[in-house]
Structures are given as C-alpha cells and as structure tokens.
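Please examine the structure shown here before reading the explanation. The account takes its two chains in turn.

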Amino acid sequence: MVKKGPFYWISFSCGIMVLTFILLPLVEMLTAPSGAMLRETLKDKNVIHSIWLSIYTAAAASGIAFLVGTPLAYVLARTHFRGKHFIESIIDLPIVIPHPVVGIAILGVAGKNHWLGQFLYELGIRIMGSTTGIITVLTFVGMPFYINALKAGFESISPRLENVSRSLGASMWSTFIRITFPLAWRSVLVGLIMCCARSISEFGAVVVVAYHPMIAPVLIYERFEAYGLKYSQPVAVWLVLVCLSLFLALRILALPRKKAS
Amino acid sequence: MGTTIVKRVSAFLFILGVAAFLSIPSAFAEPKGKVVMFHAGSLSMPFEAMEKAFEAKYPGVDLQREASGSQKAARKVSDLHKPCDIMASADYKVIDKLLIPKYADWNIRFATNQLVLCYTDKSKFAKEVNAGNWYKILERKGVVWGHSDPNLDPCGYRALMVLQLAEKYYKNPGLYDKLIANRPLENVRPKSVELVSLLQTGNMDYAWEYLSVAVQHGLKYVKLPDQINLGNYKYDSFYSQAVVKVTGKKPGEFMDMKGGSVTYGVTLIKDAPNKEAAIAFLEYLLDPQGGLKILKEQGQPPFVPCRVPTDKMKSELPVKLQGLVEVKN
C-alpha cells in the first residue's frame, strides 16, 4: 500500500468540505417537512400540475435543443473557420447573462412594440404568461449546455471512421446517421440531461416571462411569499425527489456502454 | 485643612471631567453603520431619494434597502429571520397582521396613495379611454389588462376592490365578474411594479397601479372617482363594502380582506441591529421638511403629521419620534 502523503490528506479534506457544503443545506431542507405534510402536499392539484409542467417544459426545451443543436454541435466539432470562436462565445452567452435579464430580453422582443412580437401576435402566439413562453425561456438557457456537451462528444470521435464510411460510398447524411450519431449517442444523452437539468432549475427568467402557469420553482416562490417557509419546503422536496430520480435513471441509462468500452 | 479642600476640589473636578468625557460620545455621537430596510416596491423611488438626502446628512450611515411585495418583506423578518431595522409596508395592516406583537411594537401610518388604471400610447383604445368608459374598454375582447397577485401584493387585492366598488358606483350589477372573465390568470403578476415593464414593452395594454408608480414611471393613467379609487379615507365606509378573498395562513385556507383607503405603515423591528441609526432615519422620514416632502413630490400624499391609532402606541414609540406623530384613528 502506498503511504498516504499530505497531498492525499489535503484532497481528502477538501473533498469532505465540498460534499458537506453541498449536502448540508439540502439534507436540512429535505428533512424539514414531516411525512404528513409531504403527503398532504401531494394531494394538492396545483403542486402536481406545476411539477408536471416543469418536467414537460424542460423536456420540450431539450427536444428543441436536440433538433436544432445537434447539427450545429457537429459543425462546430468538425470544421474550422474564421469567427468560430466568436460563434462559440455567442452560444455561451445565455450561461453568462443574469437570469432575470434573459426574461426581460425575451419580453422585450415578444411585446407588440417590437416587430417580432407584432408578427407573433398576428399569428396568435403569445409569449407572456404562456407555456410557449416558458419553453422559449428554457430553450434559451438550456441550449448552450446541450451544444457544448455534444460538441465535446463529437470531437472525441475520430474523423477517420467517417472518412472510411465516405470512401466506401456512403453519403454525408448516411455517414452521420449510421456512424457518427450511434457513436455519439451517450454524449447526446449527457447533453440532454444537462440541458434538462438547467431548464428545470430555472426560475429568474421564467418568473419574468410567465408567473402563471406556474412551473414548480415559481410555485415554491409563491408558496414561500404567501404562506412562508413551512409550506414551500414540501413542494421543494417533491421537486428535488422527482428530478433526482429522473436524472438518476437517465445517468444509469448512459452508463453501461461506458463500462463495455 | 487647605490640602483637603484642594483634594476635594480636585476630586470634584476629576469627576466632572470624567462625566464630561463620558458624555461627549453620547451627546455628539453620529449614528453610523448600516441600516437595513425592507419595504414595499411602490416605495422604491421616494426611498431612493430619501436615502440620498439622509446619507448626505449622516455620511457614516449606509442605508441598505430591499424592495419587495409588502407581504414578502414581512415574511423575510418573521419566517427567514433576516436581520432588519426598518420595515415599511404599502398596507399598514400587513405590519399589524404579521409583525406585531412578536417582531414589532408599533405601526406609524405615514402616507396615502390611490389606484389608477395605467396605459401607454400604444395600448389598445388608448385614444378613447377615460374615467367614464374604462370599464367598458376592459370588457372588450383582445384588450390585455392585468393586476398583481392579490395573495402577495396589496396592490393586487386593491385592484380587485376597485372593480367591486365600480360595480356598485356605476350601478352595473355583474360588472366585476364580466371584467374578471376578460382577464386570464396569465395577466396576474407577483408585484405591481412588474406590470410597468409589460406595459412599456407592449405585452400588456392596461395595468392597475398606484398613482405614485404611474407618476414616477411617466405612464399615462385614468384617474378614477374618489368613491372607488381607495385614496380618500372619507369614503372608508363605502370602500369597506369591497371584500376580496385572499389566501390565509396555509394552502387551502382563505381570509377576507375588506376595502379601506391605501395607507402606508412603517415600523422598527424589535431586535434591530442598528437601532440608533434606524431611529435617525425614521426621524428624517417623518419630518414634514424631510421624507414627507419627498413623498408628496412623488405622488404619495403623506399624513402631516403622521398617525398612530392609540395613546398607548404613541407612548411605546422611541422618544425622538413621539413629537412627530399624532393620535388619530
């Protein structure tokens, strides 16, 4: 056995510190409400509805990210062109911008005072206070996480495999579908998990765009303001539990291949 | 003999000197340090102006303000136990309901306001709206109007009260329900001030706001008759006919809020970390030449002098504030 030096002990104690820092407040919150409170909260239609809305809108945002983000991630991973870094920084912008600013920015173009808002209005699409609005916001904040995860995934796949496929006569399109994508599916899944996780936790931008219908974080905020800590905690616990089990399931789905390879 | 006199005199002088030395700090002490204040969103603009003036007068004091819904401001004290010196509410009843007696002893009413219907040039029917037809316009399909959440913001339930009173004042039975039917839940926001940006970006046509907010943000507004605008306490008995159901102490429980004139309340939190400086600010706030003057300029008519409901409450005020209030219910 290797002797445990100072480096080991420093890493060890830092690790403990980080874990305590993350877990202590969460465990405190999760254990605060009584079982009876939790059961009662679960009977509340508004709670179920808001948690469902949260999952549904986050999934929709990830779906949109998948559709439009995948080709972009591929292009960014495979090609080099002038201004690529500039485009990458634009994609990262939603990560940097404070959340309420995202909401305000989206409301700014969604109103009738803007040509885009006017156009949407004529089409009958409403952003303010609508599920469409929530999905718009979540896609905005979640997209960079999907693109970045997938880009890294594509970069780790050797272009030679694609070249072989192309030299054997497969089209670009068929190469992507039959070679690249199957190899990258785990990165796709990780990207979707990241995007979905980011979306489900968003509050600041959503509350600016849509207070009603209420996603779970907004409901937790409303409960906190109207009734206090005691009645907002059980909702928070349910949201955390539901999300945790969902993401755990997805993570496990992404794992086995890793072991096989 | 002579030495004892000298001794006595010098002892006397010594004591005098010590006493004088000790009294210097208290006599000339400048309030200093930070003063934390939670207040209603609708007080943001006048308090910002007051902060500047007050900090110019007492450079050692840093007034740190946090604006939110009044109810939330109270919750931050009662539930989150955030350290706080002063709490000012858009409805003095919030202080009575959530802070007295555990977190505060008294409640000074210092200003009034009234509700107006705000709009912009680009709002639908902006050219024809006036005090006589506003409720007909709010009934029209396609007109997007809203108010803040009655469960979180006094401005929200007050907007609903105005609609109820309008039904009575214009003798138009069923008006309230007709209006609410044309206001989907999506148009309800946590705080009334948020509606201003929805108006300005064209996401909303009309919004219920306090007169002060309309003045401070330069919005166009319809001024309503005193009988329904909740701004004149002479009509308190008429206002009290309006009753709005808001959420109670826990989900599923409700309580009734009865109409009354819009009256702002301010209190000092019992375990305020910086009482001395906080009282100095309250002194400035309640001064007719200080804070009250600013409130008047910003569309929030103050009570001059400010009011407390009972003699007992007046006696509980810090001595420096007692001269600035009158007992009037």
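The following paragraphs describe chain A and then a sheet of chain B.

This is a predicted model, in which local features need pLDDT of at least 70, side-chain atom pairs count only at pLDDT 80 or more, and totals for chains, interfaces and linings use all residues. Residues are numbered from 1 along each chain as its sequence is written, while chains are lettered from A and ligands numbered from 1 in the order in which they are written.

Chain A contains 13 helices and zero strands; helices (H or I, at least four residues) and strands (E, at least two) are DSSP runs, numbered from the N terminus. The C-alpha trace of chain A spans about 70 × 65 × 30 Å along its principal axes. Of the 261 residues in chain A, 34% are buried, that is, 20 or more other C-beta atoms, placed from the backbone, lie within 10 Å of their own.

In chain B, five strands form an open sheet with mixed pairing, in the order 7-6-8-5-9; two strands pair if DSSP finds at least two bridges between them. Strand 7 (188–189) and strand 9 (220–223) of chain B are the edge strands, each pairing on one side only. Within chain B, strand 5 (residues 115–119) pairs with strand 8 (residues 206–210) in the antiparallel sense over five bridges. B:Val116 stands opposite B:Glu209 in strand 8 of chain B.

Helix 6 (residues 154–169) of chain B packs on the sheet, touching strand 5, strand 6 (145–148) and strand 8 of chain B. Contact here requires C-beta atoms, placed from the backbone, to lie within 7 Å. Helix 8 (residues 192–200) of chain B also packs on the sheet, where it touches strand 5, strand 6, strand 7 and strand 8 of chain B.

How values were computed. A residue is buried if 20 or more other C-beta atoms lie within 10 Å of its own, exposed if 12 or fewer, and partly exposed in between; C-beta atoms are placed from the backbone. Two residues are in contact if their C-beta atoms, placed from the backbone, lie within 7 Å. Axes are lines fitted to C-alpha atoms, for helices over the stretch in contact, and angles run from 0 to 180 degrees between N-to-C directions.
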